[in-house]
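Hi there,

Here is the structure I promised to pass on. Have a look at it first, and then read my notes below.

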Amino acid sequence: KIYIAIILSVIVLYCIGKLLLRFFVRLIGIRKSILLPFIFILCVLGTYASRGNLFDPLMMVTFGVVGFALRSASFQLTPVVIAFILGLELESSFRQSLRLSGMDPSIFFTRPFALFFLVCTVLFIVVTLRNRRKEARKKAESAA
């Protein structure tokens with residue numbers, strides 16, 4: 001039954017997309033100075049309507065400002081978002097692992113599975129740093 005529902009939803013979304021295609025094409029032509037405030041107002045109304053709490057739109061605006069500041073400082077936003085989403089779960093699992101090992105942190109270095117990921121992480125960092133140094137040398141050589 002779930003597969004039938006998925007197939008029907010795909011068909012309905014296809015039909016809606018076909019019907020509204022010209023409308024969406026016109027949206028592309030709207031100036032950003034008009035479109036962005038409208039989108040912002042819809043986002044604020046949507047976050048407020050979800051729970052009827054003023055804290056939610058304020059939190060949305062706060063994270064928007066933080067995201068803008070991070071992007072202005074040339075931070076990659078994807079790792080920040082992933083860390084924000086997975087951070088609580090990671091911390092909980094870390095505490096659970098420490099409790100199971102009797103508060104012995106060597107569990108993260110002696111178990112084969114954990115050791116494999118630790119080695120992969122170190123290799124990834126080393127390769128990334130080496131590639132950045134090579135790029136910096138090439139830029140320095142081409143500038144000189």
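Are H2 and H3 roughly parallel, roughly antiparallel, roughly perpendicular or oblique to each other? They are oblique to each other: angles under 35 degrees count as roughly parallel, over 145 as roughly antiparallel, 65 to 115 as roughly perpendicular, and the rest as oblique.

Before the details, some housekeeping. This is a predicted model, where local features need pLDDT of at least 70, side-chain atom pairs count only at pLDDT 80 or more, and totals for chains, interfaces and linings use all residues. Residues are numbered from 1 along each chain as its sequence is written, and side-chain values use heavy atoms, with hydrogens and water left out.

**The helix pair**

Two packed helices are described by the angle between their axes and the distance between the axes. Helix H2 covers residues 32–51 and helix H3 residues 55–72; they pack at about 140 degrees, with axes 7 Å apart. (Helices are DSSP runs of H or I, at least four residues, numbered from the N terminus; axes are lines fitted to C-alpha atoms over the stretch in contact, with angles from 0 to 180 degrees between N-to-C directions.) The crossing of H2 and H3 is right-handed, meaning that the near helix is turned clockwise from the far one by less than a right angle.

On the H2 side, the contact is made by Phe-40, Cys-43, Val-44, Thr-47, Tyr-48, Ser-50 and Arg-51, which meet Asp-56, Pro-57, Met-60 and Val-61 in H3. Contact here means heavy atoms within 4.5 Å. The residues of this contact divide into 7 nonpolar, 2 polar and 2 charged.

Zoom in on Phe-40, in helix H2. Leaving out residues up to four places away in sequence, Phe-40 touches Met-60 and Val-61. Phe-40 and Val-61 are 21 residues apart in sequence, and their C-alphas are 9.4 Å apart. At 45% relative accessibility, Phe-40 is partly exposed (buried is under 20%, exposed over 50%, partly exposed in between, with a 1.4 Å probe and protein chains only).

**Two loop residues**

Most residues other than glycine have a negative phi. Ser-74, in the loop between H3 and helix H4 (77–100), has a positive phi near 65 degrees, and is exposed at 63%. Met-103 sits in the loop between H4 and helix H5 (107–110); its phi is positive too, near 60 degrees, and Met-103 is exposed at 58%.

**Cysteines**

The structure holds 0 disulfides, counted as pairs of cysteine sulfur atoms within 2.5 Å. Cys-15 is partly exposed at 41%, and Cys-120 is partly exposed at 32%.

Cheers

Terms used
Nonpolar A, V, L, I, M, F, W, Y, C, P; charged D, E, K, R; others polar.
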